[in-house]
Amino acid sequence: MCETTQTIRLKNHRNLRSQILNRDEDLRDLFAPFLPLTYRSRDKVKPRVVMDFQVVVLAGGTSKKLAPLVSKDIPKSLLPVANRPVLSYVLDLLEQSNLKDLIVVVEGEDTDCLVENWISEAYVDRLHVQVASVGEEGGTAGALRAIARHLIASDILVVSGDLICDISPGAVAAAHRRHDAIVTATLCSVPVSGPPESGSSSGKDKTKKPARHNIVGLDPTEQFLLYIAAGSDVEKDIKVEKSILRAVGKMEIHADLMDAHLYAFKRSVLQQVLDQKQSFKSLKQDVLPYLVKSQLRSEILLSEEKAEENGNEDSCNSNNDKVMLSQLLANASTPSFHEIYALGPNGFAPVERKTHKCCVYIASKTKYCARLNSIQAYSDINRDVIGDASHLSGCSFSMHNNVIHPSAVLGLKTTVGPHCMLGEGSQMGDKCSVKRSVIGRHCRIGSNVKVVNSVIMNHVSIGDGCSIQGSVISSNVQLQERVVLKDCQIGAGFVVTAGSEYKGEPLARK
Amino acid sequence: MLLSRVSFESSEDVEDEHVVESSILAVVKNKPTETMGAKKGGKTVDDVEDILHVPLKAILLADSFDTKFCPITLERPKVLLPIVNTPMIDYTLAWLESANVVEVLVVCCSHSKQIVDYLDKSKWVNRPEFSVTTIESHYCTSAGEALRLIYQNNLINGDFILISGDTVSNMVLTEALEEHKQRRQKDSKAVMTMVIKQSKPSQITRQTRLGTDALFIAIDSSTKQLLYYNDSLKRSLSLDKTFLAENSSVSSHNDKQDCYIDICSYEVLSLFNENFDYGHLRDLVKGVLGDEVSGCKIYTHEIHSDYAARVDNFRSYDSISKDIIQRWTYPFVPDVQFSTNHPTNRERQGIYRASEISQSCSAEIGPFTYIGKGTSIGDKTVVLNSVIGDGCKIGGGVLIDGCYIWNNVTIEDGCKLKQAILCDGVVMRSGSVLEPGVVLSSNVVVGPKIVVPAYSKVSLQPQPVEQDSDDELEYADDNSETLHTVNTVENGYSSSERELSEIGIGGRGFVWSKSEVDREEEWRHSVAPIPESKLIELTHKVFDEQDSDDESDEEPPTFEKEIEATFLRGVRKKIKEEDILLEINSLRFLYNMASENCASALFYAMMKLALDSPHNSPANLVKNANDVITRWGSLLKPYLRGIDDEIEVIMKFEEMCTENGKEFAPLFVQIMHLLYDKDIIQEEAFLNWANEKEQADESDKVFVKQSETFIQWLNEASEEED
């Protein structure tokens with residue numbers, strides 16, 4: 001019953017993407033008919049239940065860019081955003097899409113314990129998470145190489161652990177499956193104000209990295225990725241290969257879309273590329289552009305997977321299943337230019353050309369998407385999560401448009417404005433004022449303190465008469481009386497002596 | 001302006017002579033006085049009000065300036081060739097009139113007299129609100145020259161439509177014109193609007209259905225500005241990064257066709273005048289896109305449901321004829337009398353019949369066929385998908401499939417014709433056969449039972465001996481040409497055995513021989529559809545090509561490569577330093593590079609030389625580097641004018657160490673030290689470099705860390721000095 005209705009829907013709606021945007025909750029049903037179909041035979045061989053999507057969360061380590069906020073004790077992935085670790089946003093998002101088989105990859109030895117402890121505490125019974133630790137040199141591609149043997153599902157979803165967004169990973173997975181693509185990249189619109197880093201670059205600063213957004217080439221249906229430039233290539237001239245332009249006819253080149261760091265890969269392809277191209281370090285700058293570039297002269301052996309995994313007995317069985325699956329999928333959309341190209345013009349190619357599909361999932365403009373990859377981004381994201389993108393915070397806002405934990409204590413004439421958050425057990429003295437700021441748990445704040453546009457983490461003590469503006473204060477920091485901070489970042493455990501004034505400085509314990 | 005003009009004249013002496021002899025005569029006729037009056041303010045084009053009120057003019061180029069329609073165009077200008085029994089120029093003029101154009105300047109070059117005569121007798125004279133002015137000039141051999149002539153005679157002073165006389169269109173121009181005018185109001189540099197239309201080229205033949213080459217263009221999605229235009233793409237389309245800095249999205253196309261209808265501003269003419277190397281109309285487009293200094297912009301207007309196409313070659317002749325018969329070009333279709341007075345009836349299945357046709361009842365006329373006035377068709381003759389002109393005599397048992405038969409053609413019994421063009425007065429004796437793609441020029445006689453092989457071109461004119469003389473023949477004076485014709489006809493009668501045997505007993509005409517290249521490409525521009533065997537062959541070729549051109553990833557010589565080559569040549573041949581510097585300077589201006597680029601490229605070349613010299617240990621490599629720097633270091637001096645230049649050199653070396661000179665990586669500090677010792681780079685540069693790097697990524701800092709002690713030492717040294 002379920003299966004037939006789904007098939008009909010696939011047939012009727014050629015442009016499934018728009019539909020998916022509205023029906024995220026239906027995606028689970030959408031996959032349901034395929035699941036037993038594809039893996040029935042395989043399950044006999046492998047008693048373990050194989051998820052059809054395995055998720056790799058690249059949680060990173062202690063990014064130098066976020067110094068002094070991150071340290072050995074607080075890796076980047078546990079940095080609090082609106083009073084909960086940044087990693088929890090991604091994990092919650094995945095849970096919502098029913099993607100529960102996760103591998104969290106962290107860089108560095110020490111951090112994995114911290115992350116693992118936190119996850120096992122917070123997500124017990126909710127997610128099936130493995131935490132793996134890799135070296136720092138390999139980059140994102142290296143991280144995947146290191147955990148290759150843990151990857152068993154047919155498709156892998158790779159998510160950056162510092163992503164804060166409300167794009168449904170399920171929708172990305174669905175787009176990936178629907179096209180039988182080897183890679184699907186998620187794109188979102190560049191914020192109107194420009195990428196966060198561009199603001200600080202000034203003049204002739206040659207060592208600065210270019211503003212981190214992409215140049216993306218899409219087909220007219222906006223389903224396939226034809227060109228992508230990332231990193232330093234963004235600054236170079238755009239070179240579009242004529243073969244692909246010939247095959248597609250028209251390519252839209254956008255500079256207003258950026259890579260959201262949420263990818264779906266076909267596992268066999270990903271591993272093959274990682275094995276063959278040992279020099280590839282970054283998914284975004286090496287692997288993805290390589291796959292996009294070679295899509296019409298694919299060097300990837302797609303058939304390998306069947307032989308290697310199923311052995312001889314099962315291969316024909318699974319072949320049949322594959323055919324059925326692809327037939328179902330083929331009904332969903334008209335043949336893509338890849339298929340037309342592969343068959344050759346007018347359908348009489350001497351040998352079928354090898355092609356593979358690189359797809360995109362474009363998030364609608366209303367979706368929020370940001371990466372926590374700089375101090376600036378950290379402040380912005382905190383402000384957004386308690387402000388414009390408050391639905392991400394997971395908290396219910398009061399009628400004053402703020403969140404004050406019931407156990408927090410406010411002194412006399414103390415005001416907490418809209419778009420503020422006050423954590424559990426924090427205490428504030430008299431005549432304080434808090435505007436557009438996040439205050440963590442168990443902070444002790446004296447009287448006559450002003451906090452504007454700032455983030456204060458947990459267990460911070462602030463003396464009387466302090467003024468904090470546009471700053472980030474890490475956990476266990478002590479601010480003595482009458483400290484004035486403007487646009488500062490203070491590392492964990494730092495003590496600021498009474499009466500001192502700082503402006504635009506990072507401060508950390510030596 | 002004066003300067004460019006002088007060079008223009010001196011570069012083309014021939015033309016100068018013409019001017020002196022005044023053999024060009026600009027015949028200006030039928031110019032209504034209202035137009036003159038309205039032009040009074042036209043001098044200042046920038047004036048917005050004027051642009052809006054100046055009556056619309058058009059320049060019609062009554063010459064295609066190519067030889068694609070040879071040998072027919074040896075006797076008749078291309079614009080007078082009939083397409084579905086109406087000369088092409090009539091389609092163009094009728095469209096211009098419908099588009100509210102008030103004055104058309106017809107530029108006639110080859111066979112100008114024929115065009116003038118034709119237009120004099122046509123209904124285009126004495127039309128209210130529509131004047132046709134002819135401009136004769138015999139010496140123009142390109143569209144560029146024709147436009148320069150118009151510019152120099154000051155015949156246009158406002159916006160105009162530039163069109164070639166072989167264009168068939170029914171597009172509504174108002175929208176495109178409005179867009180053009182609005183753009184002009186905002187930006188006087190928006191000089192031209194080009195009309196384009198969707199048309200995906202075939203994957204196999206790489207040409208459109210009009211037989212033109214596939215076009216690669218890039219357009220700004222929001223403003224529709226044209227950013228890139230190329231019809232011969234080598235490997236990849238390269239878009240300048242600056243395009244995206246200003247526009248958030250650019251669309252690149254391989255599925256558009258250039259309709260050759262341009263809405264131009266006055267500046268276009270002056271651009272043609274200033275750049276005397278612009279010959280072909282699209283030279284301007286490429287020139288403007290490649291020229292950032294002038295700042296001129298070209299925009300596109302895409303038409304969707306309207307029709308616009310240019311008869312470029314025999315294949316487009318075939319395609320456009322079919323489009324006309326199938327009424328895509330409405331109202332310019334045979335049963336609407338837009339230029340002639342022949343009443344034509346349209347019957348079902350797209351059959352058009354003019355009056356006074358005598359047709360045997362056993363003859364079969366297939367769908368999509370046109371039959372002209374006074375034509376007779378014999379018993380059991382079959383006509384399919386063809387156009388037959390006026391006054392033709394077609395015998396019995398003839399098969400005509402996909403042919404274009406012009407006026408007064410005689411086809412005797414039992415002939416078989418497939419996909420051929422037969423010009424006026426052709427005679428086919430009984431039983432002769434035309435294979436696909438044959439073109440018979442005027443008055444050719446094909447002898448009985450002769451089979452004319454596929455793609456043959458037969459004319460009464462002998463084939464010019466050399467390819468180059470084509471032009472001369474076609475553009476020769478009318479007088480000498482008629483002489484020629486007389487001669488050749490006689491030749492045709494009595495001429496060599498070979499011709500006779502090819503065309504048959506009593507046949508008249510020369511079969512034009514084809515060069516190897518032509519033979520290979522003949523299917524491309526023929527009226528006949530591409531044979532299936534050819535398609536299969538091409539498909540294989542396309543496949544092979546695909547692989548091969550992906551491999552040949554050849555980059556054009558870059559500035560750095562050239563500097564390196566220059567330097568190495570200097571080293572090998574022991575050229576004096578001043579001379580090397582001279583060469584480098586010229587390269588610098590050629591590529592428009594700053595001095596810092598020269599310094600870094602030169603230094604790179606030096607290090608490369610050290611690396612390439614034989615060495616067996618790192619110490620040896622340092623010695624090599626030392627030698628090179630000692631010997632050639634003075635070359636760097638002129639380019640190291642400031643700290644920034646020196647920093648550039650350090651960064652270049654850093655890049656080299658990480659990329660293709662990894663051997664240097666562990667020696668980074670030693671080389672830096674060397675540069676400091678030799679006074680090539682000052683300590684300040686090192687310190688600034690280190691400071692700049694402070695902000696950079698960890699991966700970028702490898703070399704800064706390596707040279708930490710060196711920097712420190714420098715720091716201390718400078719402090720001591722203080």
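Let's start in chain B, at B:P331, which sits in the loop between α12 (314-325) and β16 (344-347). The peptide bond joining B:Y330 to B:P331 is cis, with omega at about 10 degrees. Before I go on, please keep in mind that what we have on the screen is a predicted model.

Chain A has a cis peptide bond too, between A:A67 and A:P68, and there omega is about 5 degrees. If you want to find A:P68, look in the loop between β1 and β2 (80-81) of chain A.

Now let me step back to the two chains. Chain A holds 14 helices and 33 strands, and chain B holds 26 helices and 36 strands. How much of each chain is buried? In chain A, buried residues make up 55% of the 510 residues; in chain B, they make up 55% of the 722 residues. If we take contacts between residues at least 6 apart in sequence, 56% of those in chain A join residues at least 24 apart, and for chain B the figure is 61%. As for surface, chain A exposes about 22,000 Å², with carbon and sulfur atoms supplying 50% of it. Chain B has an accessible surface of about 31,900 Å², and 50% of that belongs to carbon and sulfur atoms.

Two loop residues in chain A have backbone angles I'd like to show you. A:D125, in the loop between α6 (109-122) and β5, has a positive phi of about 70 degrees although it is not a glycine. Is A:D125 buried or exposed? A:D125 counts as exposed because its relative accessibility is 78%, and the cut-off for exposed is over 50%. The other one is A:H459, also not a glycine, with a positive phi of about 55 degrees. A:H459 belongs to the loop between β24 (455-456) and β25 (461-462), and at 44% relative accessibility it counts as partly exposed.

One record to mention for chain A: an unreviewed UniProt entry annotates residues 406-498 as "domain: EIF2B subunit epsilon/gamma LbH". In the model, that span is 0% helix and 37% strand, and its end C-alpha atoms lie 31 Å apart.

Back to chain B for a helix pair. Helices α20 (595-612) and α21 (618-636) pack at an angle of about 145 degrees, with their axes 8 Å apart. The crossing is right-handed. On the α20 side, the residues that meet α21 include B:L602, B:F603 and B:M606, while α21 brings residues including B:V628, B:I629 and B:W632. By class, this contact has 15 nonpolar, two polar and no charged residues.

Last stop: B:S137, in the loop between β5 (131-136) and α7 (143-152) of chain B. With a relative accessible area of 1%, B:S137 is buried. From B:S137 to B:E302 we count 165 residues in sequence and 34 Å in space, C-alpha to C-alpha.

Thanks, everyone!

Notes. Residues numbered from 1 in each chain as written. Chains lettered and ligands numbered in written order. Predicted model: local features only at pLDDT ≥ 70, side-chain atom pairs only at ≥ 80, totals over all residues. Heavy atoms only, no water. Helix = DSSP H or I, 4+ residues; strand = E, 2+ residues; numbered from the N terminus. Buried < 20%, exposed > 50% of the residue type's maximum accessible area, 1.4 Å probe, protein only. Contact = heavy atoms within 4.5 Å. Areas by Shrake-Rupley, 256 points an atom, 1.4 Å probe, with all protein chains shown as cover. UniProt positions renumbered as here; feature names shortened; annotations may be inferred. Axes fitted to C-alpha atoms, helices over the stretch in contact; angles between N-to-C directions. Left-handed = near helix turned anticlockwise from the far one by under 90°. Nonpolar A, V, L, I, M, F, W, Y, C, P; charged D, E, K, R; others polar.
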